[in-house]
Amino acid sequence: MSIKVAPSILAADYLNLEQDVKLVEKAGAEYLHIDVMDGMFVPSISYGPGWVKALKPKTNMVLDVHLMVEQPERYIDTFVEAGADILGVHYEATQHLHRALQQINEHGIKSEVVINPATPVSSIAPVLHMVDQVLVMTVNPGFGGQKFLPETLAKIAELSELKTKNGYHYDIEIDGGANDETTKLAYEAGATVAVAGSYVYDKVDPAAKVARLKEVTK
Ligand code: DX5
Ligand code: ZN
């Protein structure tokens, strides 16, 4: 099965967002990736729950919300109400990761734990049984358009092995520097979802880019 594709609207045209979203949906993207940045956990400030709420009635894609926010537990309820289908919290952003994931699970939506490039898989071993998705950052979070870090591939493979060995059900998502080459490598290591921002939206044909990511992961 091809990798699931999650275009990141961080690289889309904000004043023509509806059109940019429809383009990738028509091309077969399963998820829409929404990067929430608070200017603290990461230097950038992006957008908040109002954007999730506005996008919700415009698409049938799974709204994949990536919280790059300090103490994300403060905003879980708000993003669930806004319409998030998957809500991701960083291991590095909270002292109470287990509680934050419990809180997401109690809402009946999908929960995700995210790890930065310097965080080992062993750090999140105690919560792997309770998440629907693990996001392996393949760049340092905060900015689009960075280069894929190949040292993250070993973590993808490790998560894939743990999943098989323990019968876990999580998807393994990559985020950062995804293009046709790096997505293929990540897919071969065990990734099941690829976030792609600048690769999809920077140039002329977002639909063709989505199709290309599917093509190289057949
Ligand atoms: C980075 C964000 C990414 C970003 C990826 O902090 O989490 O989702 O949109 O952008 P590209 O695909 O351009 O590396
Ligand atoms: Zn992201």
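Okay, so a pocket here is an open set of points on a 1 Å grid over the protein atoms alone, where a 1.4 Å probe fits, with protein on both sides within 12 Å along at least five of seven lines. The one to look at, in this predicted model, is the largest pocket, with about 360 Å³ of space, counted as what probe spheres set on the points fill.

Who lines it, meaning has an atom within 4 Å of a point? There are 27 residues, and Gly 144, Gly 145, Gly 176, Gly 177 and Ser 198 sit closest to the centre. By class, 13 are nonpolar (Ala, Val, Leu, Ile, Met, Phe, Trp, Tyr, Cys, Pro), three charged (Asp, Glu, Lys, Arg) and eleven polar (the others, Gly among them).

Zooming out, the protein has eight helices (DSSP H or I, at least four residues) and eight strands (E, at least two). Its C-alpha atoms fill a box of roughly 45 × 35 × 30 Å along the principal axes.

Now, two helices. Leu 153, Ile 156, Ala 157 and Ser 160 of α5 touch Leu 185, Ala 186 and Ala 189 of α6, with heavy atoms within 4.5 Å. That contact has six nonpolar residues, one polar and no charged.

Last bit, housekeeping: residues count from 1 along each chain, while chains run from A and ligands from 1 in written order. Local features need pLDDT of at least 70 and side-chain atom pairs 80 or more, totals for chains, interfaces and linings use all residues, and side-chain values use heavy atoms, without hydrogens or water.
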